[in-house]
Amino acid sequence: MKASDLPVGPCRRRELPRLRELLNQVFITERGAGGDIFEFAPLLYSEQNVENLRVVRRGRAIVGHAGILPRRIRWRGQVLHAGLIGGVCCREDLRGQGIGTLAMQDVARRMAQLQLDFGVLWTGSPGFYRRLGWRHGGGISIMRIAEAAGEGAVQREIIPLSDSPLGPADCHALHAGAGRDEVLRTPEETELLLSTGTRDALLALRGGRLVGYAAHDGSTVREIEGDADTCVALLSHAAALGHRLCVFPLNDPRLPAIAQALPVDIQRGPLGMILIVGREGLVAKIAEEAGSSPDDLGIGSDVDTEVLAARLFGSPDDEPTDRPLPMHLHIDYLDHV
Ligand SMILES: CC(C)(COP(=O)(O)OP(=O)(O)OC[C@H]1O[C@@H](n2cnc3c(N)ncnc32)[C@H](O)[C@@H]1OP(=O)(O)O)[C@@H](O)C(=O)NCCC(=O)NCCS
């Protein structure tokens with residue numbers, strides 16, 4: 001049977017162990033990494049989400065996969081329905097025959113069925129997704145910390161969240177108070193981000209009071225809260241533990257002060273790759289929020305999808321003065337649990 005004729009559809013509960021084996025083979029064993037993908041993203045790979053884990057079968061074997069974690073993003077006064085995509089893969093010996101394409105086409109169908117506004121994914125292989133209609137969108141700043149500098153004059157006590165009497169609710173209050181971007185999170189969502197799977201956070205205390213945190217997974221700090229001095233203390237500590245990368249919203253005002261205090265390199269890059277699924281609905285939400293017509297906003301029906309994605313989600317070159325459009329959405333891989 002040609003690969004393009006293989007059946008594709010939702011994973012069945014009893015197939016989850018076989019899916020886990022494939023994912024761990026591709027993302028852990030092939031990469032010489034450690035851990036278990038199901039533990040890293042337990043909400044994506046959960047029994048409740050099997051309908052959204054789209055698998056390609058060959059006989060009883062699962063040979064390809066692409067998963068969707070539907071997630072509500074509360075942006076200003078609107079609720080956007082996003083599909084966070086993960087675990088896109090094909091068994092190594094069968095690559096280049098169309099199996100990954102089958103899985104991603106099925107993901108696009110499923111996202112339309114779920115009436116999602118857009119999908120977002122993070123990848124180092126944009127070419128594969130580009131031919132399937134995905135486009136780079138949005139922007140982030142990625143800071144690489146060259147070396148674990150001393151904590152200098154910045155006086156903060158740093159402790160892991162897991163060893164602390166404080167909890168995610170305290171972090172949530174800090175994050176909500178800072179108004180860092182236009183995405184509003186619920187306390188439950190912050191708790192999921194900070195403590196699901198292999199996630200943890202470092203807390204920064206001053207005089208016993210919480211003044212910042214750095215949420216991390218593996219080698220990357222995915223979200224950092226606190227003023228610039230607190231960030232310096234947290235990042236120095238995180239770097240000493242091996243977390244050398246930190247993701248910031250694109251034009252985060254704390255970046256220049258941190259870069260003055262620490263040996264860092266900052267690169268601007270896209271937020272991820274985006275597929276607009278429900279164009280009409282998404283445009284209507286943005287037009288309503290902006291109080292202007294889609295044509296006046298430059299997001300009317302005559303605009304092609306490439307331009308639309310850049311107009312809606314922005315690009316790494318955007319300056320803060322580009323408000324109110326594009327949307328300032330900061331969705332990170334951290335949200336992908
Ligand atoms: C990426 C992956 C899922 C593609 O699966 P696949 O079944 O080989 O893909 P398909 O056969 O459907 O498509 C392959 C086509 O995409 C192209 N392609 C594949 N990977 C590509 C890449 N990284 N960049 C550009 N093009 C790519 C191939 O050239 C091929 O094009 P062609 O049909 O014109 O020859 C597979 O290579 C894989 O499992 N990789 C390891 C896991 C991984 O990195 N996943 C992505 C994480 S975001």
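This text covers the nonpolar core, the salt bridges and the cysteines of a predicted model.

In general, nonpolar side chains tend to be buried together in soluble globular proteins. Here the largest nonpolar core has 47 residues, and the members that touch the most others are L19, F118, L312, F313 and L329. Helix 1 (residues 16-29) supplies seven residues to this core, the most of any contributor. Leaving aside residues up to four places away in sequence, L19 is in contact with C11, F38, L53, V55, I62 and H65.

Charged side chains pair as well, with a count of 18 salt bridges. One of them joins D106 and R54, with the closest N and O atoms 2.6 Å apart. D106 belongs to helix 3 (residues 99-113) and R54 to strand 2 (residues 53-58), so this pair links parts of the chain 52 residues apart. Both partners are buried: D106 has a relative accessible area of 4%, and R54 has 8%.

R76 and E182 form another salt bridge, at 3.3 Å from N to O. R76 lies in the loop between strand 3 and strand 4, and E182 in the loop between helix 5 and strand 9, so the bridge ties together parts 106 residues apart in sequence. R76 is partly exposed at 26%, while E182 is buried at 13%. A further bridge connects D217 and R222 at 2.9 Å. R12, E15 and R57 are linked in a salt-bridge network.

The structure has zero disulfides. The cysteine sulfur closest to that of C90 is in C89, 7.5 Å away, which is too far for a bond. C246 is likewise in no disulfide, the nearest cysteine sulfur being that of C231 at 7.2 Å. C90 is buried at 8% relative accessibility, and C246 is buried at 0%.

Conventions. Residues numbered from 1 in each chain as written. Predicted model: local features only at pLDDT ≥ 70, side-chain atom pairs only at ≥ 80, totals over all residues. Heavy atoms only, no water. Disulfide = S-S within 2.5 Å. Buried < 20%, exposed > 50% of the residue type's maximum accessible area, 1.4 Å probe, protein only. Core = buried A, V, L, I, M, F, W, Y, C linked by side-chain atoms within 4.5 Å. Helix = DSSP H or I, 4+ residues; strand = E, 2+ residues; numbered from the N terminus. Contact = heavy atoms within 4.5 Å. Salt bridge = Lys/Arg side-chain N within 4 Å of Asp/Glu carboxyl O.
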